[in-house]
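Colleague: I am new to this one. Please walk me through its side-chain contacts.

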Amino acid sequence: QKINFPDKKNDTPTAITPSKPTQTTTPKSTESRLKNEDAFFNQLAKDEGYRGKTYKDTKGHPTVGYGHKWAEDSKKRFEDAGIGHLYQGCRAGTCELPEPAARKLMRTDYYRPGGYHESAQRIVPNFNNLPAETQNALGNANYRGNLLISPNAVGFVNQGKGKEASVEFLNSDEYRKSKAAGTGVYKRMERNAAGIAAMNRTKTK
């Protein structure tokens with residue numbers, strides 16, 4: 001029986017175009033987001049307070065909305081939040097940033113690549129597995145900029161020692177000065193310390 005070998009001219013394999021990934025395979029799923037987003041952002045809004053026009057925060061940074069510090073990439077953040085048309089007026093101080101737009105910007109600031117959420121995940125590698133209350137406390141502290149005030153507190157968090165971490169978190173000059181002056185910062189820090197201590201409770205789904 002004669003065996004027919006394939007013609008070498010036609011022996012080139014057909015290129016296969018890889019299929020595009022579906023939305024179910026996006027790089028970062030909702031598992032990497034906060035477990036209780038609504039509670040987190042509602043509390044963060046209360047803590048930061050809303051200002052429609054630029055003001056200077058307690059550290060002297062020009063700020064607008066819910067704690068958005070003006071930066072070189074602010075225009076992009078406005079655009080990513082879907083409020084790019086408001087950037088020029090708000091930056092120039094000729095118009096106010098509406099409160100709903102400020103909430104959108106707050107979310108964008110928190111979740112943007114390299115933002116507060118990602119940095120909290122880097123600081124605390126086990127962040128995604130922590131209870132919602134502890135996630136919210138760490139995220140809130142990071143947004144304000146005092147998560148890394150005490151490296152010892154972070155060390156205890158990463159060892160799973162919530163009680164020790166919460167005590168060390170309040171062992172700071174910022175906390176003591178705020179409590180002596182009666183400002184709201186110490187109350188915010190105490191609430192976040194309680195959330196950090198909760199990391200050893202049963203994890204919330």
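Colleague: Which side chain does Glu-37 meet in a salt bridge?

Modeller: Side chains of opposite charge can pair when their charged atoms come close. A salt bridge is a side-chain nitrogen of Lys or Arg within 4 Å of a carboxyl oxygen of Asp or Glu. Here Glu-37 meets Arg-33, at 2.9 Å from N to O. Before we go on, two notes. This is a predicted model, where local features need pLDDT of at least 70, side-chain atom pairs count only at pLDDT 80 or more, and totals for chains, interfaces and linings use all residues. Residues are numbered from 1 along each chain as its sequence is written, and side-chain values use heavy atoms, with hydrogens and water left out.

Colleague: How many salt bridges does the whole structure hold?

Modeller: The search finds 14. One of them joins the side chains of Asp-47 and Arg-188, at 3.6 Å from N to O. Asp-47 lies in helix α1 (residues 37–48) and Arg-188 in helix α10 (residues 185–197), so the pair ties together parts 141 residues apart in sequence. Helices are DSSP runs (H or I, at least four residues), numbered from the N terminus. A network of salt bridges links Asp-47, Glu-48, Arg-188 and Arg-191.

Colleague: Which side chain does Arg-144 meet in a salt bridge?

Modeller: Arg-144 meets Glu-174, at 2.3 Å from N to O. The pair links distant parts of the chain: Arg-144 sits in helix α6 (residues 132–144) and Glu-174 in helix α9 (residues 173–181), 30 residues apart.

Colleague: Now the rings. How many aromatic pairs are there?

Modeller: Rings of Phe, Tyr and Trp (its six-membered ring) pair if their centres lie within 6.5 Å; planes under 30 degrees apart count as stacked, over 60 as edge-to-face and the rest as tilted. The structure holds 11 such pairs. Trp-70 and Phe-78 have ring centres 5.5 Å apart and planes at 10 degrees, so they are stacked. Phe-78 is buried, at 0%.

Colleague: Which residues join Tyr-111 in a cluster of ring pairs?

Modeller: Phe-40, Phe-41 and Tyr-110 do.

Colleague: What lies over the face of Tyr-111?

Modeller: A charge sits over a ring if NZ of Lys or CZ of Arg is within 6 Å of the ring centre and within 35 degrees of the ring normal. Arg-33 lies over Tyr-111, at 3.9 Å from the ring centre. Recall that Arg-33 also meets Glu-37 in a salt bridge.

Note on methods: Buried means under 20% relative accessible area, exposed over 50%, partly exposed in between (1.4 Å probe, protein chains only). Helices (H or I, at least four residues) and strands (E, at least two) are DSSP runs, numbered from the N terminus.
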